[in-house]
Amino acid sequence: AVLTMWRLPYAGIGIAKVSQKISELTPSEVVVAIGLGLIPVFLVLPSGAFVIATLFASAAAATMALIARRKIAGYTGDVLGAVEQVFETAFFAVAAAVIAGPG
C-alpha cells in the first residue's frame, strides 16, 4: 500500500470523504515502512519461503495497483485497502504452500 501511495496519484479528488494527502512520501519513509512490515515475518519464516512469498505477493499487489491506475487513474483509500489485502493473502498462501512442500 505504501508503494501504491508513493507511485500513483491520488484519485479521490472531488469524490472521496477525505482530502488528498498532505505531503509526498520520501524514499526513506517508503523503505522504513516496508522494512517495518516485512522484518517480523522474515524473522519467523524460512528465508526461501519468505523470498518466494514476497515476490509473488508483490506481483499480486502491483497488479491490483495497475488495475486501479487504469480504471480510476490512481488510488483511493479503498484501493490501498485492497492492495494490502491482496498482498497479505498472496503472501501467506504462497508461504504456506512453500513450507508445506509438494504432496
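Visitor: What is the accessible surface of the protein, and which share belongs to carbon and sulfur atoms?

Guide: The accessible surface comes to about 6800 Å², and carbon and sulfur atoms account for 70% of it. Such areas come from the Shrake-Rupley method with a 1.4 Å probe, and for residues only the protein chains shown count as cover. This is a predicted model, in which local features need pLDDT of at least 70 and side-chain atom pairs count only at pLDDT 80 or more, while totals for chains, interfaces and linings use all residues. Residues are numbered from 1 along each chain as its sequence is written, and side-chain values use heavy atoms, with hydrogens and water left out.

Visitor: How many helices and strands are there in the protein?

Guide: There are four helices and zero strands, and the pattern along the sequence is α-α-α-α. Helices (H or I, at least four residues) and strands (E, at least two) are DSSP runs, numbered from the N terminus.

Visitor: How do you know what span is expected of helix H4?

Guide: The expected span is 1.5 Å times one less than the number of residues. Helix H4, residues 77-100, has 24 residues and reaches 35 Å from its first C-alpha to its last, close to the 34 Å expected. Gly 101 follows H4, with a positive phi near 75°.

Visitor: Why is Phe 91 called buried, and why is Phe 87 called partly exposed?

Guide: Buried means under 20% relative accessible area, exposed over 50%, and partly exposed in between (1.4 Å probe, protein chains only). Phe 91 has 2% relative accessibility and therefore counts as buried. Phe 87, at 23%, therefore counts as partly exposed. Buried residues make up 26% of the 103 residues in the protein. Those of H4 are Val 79, Leu 80, Val 83, Ala 90, Phe 91, Val 94 and Ala 95.

Visitor: What covers the buried residues of H4?

Guide: The cover includes helix H1 (2-7), helix H2 (27-44) and helix H3 (47-72).

Visitor: What makes a set of residues a nonpolar core, and which residues form the largest one?

Guide: A nonpolar core is a set of buried Ala, Val, Leu, Ile, Met, Phe, Trp, Tyr and Cys residues joined through side-chain atoms within 4.5 Å. The largest has 10 residues: Leu 38, Val 41, Leu 45, Phe 50, Ala 53, Ala 57, Ala 90, Phe 91, Val 94 and Ala 95. H2, H3 and H4 each supply at least two residues of this core, and H4 gives the most, with four. A second, separate core of nine residues includes Ala 65, Ala 68, Leu 80 and Val 83.

Visitor: Which residues are in contact with Leu 45, leaving aside its neighbours within four places in sequence?

Guide: They are Phe 50, Phe 91, Ala 95 and Ile 99. Contact means heavy atoms within 4.5 Å.

Visitor: How many aromatic pairs does the rule give?

Guide: Rings of Phe, Tyr and Trp (its six-membered ring) pair if their centres lie within 6.5 Å; planes under 30 degrees apart count as stacked, over 60 as edge-to-face and the rest as tilted. By this rule the count comes to five aromatic pairs. The rings of Phe 50 and Phe 91 have centres 6.2 Å apart and planes at 70°, so this pair is edge-to-face. The pair links distant parts of the chain, with Phe 50 in helix H3 and Phe 91 in helix H4, 41 residues apart. Phe 50 has a relative accessible area of 11% and is therefore buried.

Visitor: Is the pair of Phe 87 and Phe 91 stacked or edge-to-face?

Guide: Their ring centres are 5.9 Å apart and their planes lie at 20°, so the pair is stacked. Phe 87 and Phe 91 are four residues apart in helix H4, and are therefore separated by about one helical turn. One aromatic cluster is formed by Phe 42, Phe 50, Phe 87, Phe 91 and Phe 92.

Visitor: Where is Pro 9 found, and is Pro 9 buried or partly exposed?

Guide: Pro 9 is in the loop between H1 and H2; its relative accessibility is 47%, so Pro 9 counts as partly exposed. Pro 9 and Gly 74 are 65 residues apart in sequence and 4.8 Å apart in space, C-alpha to C-alpha.
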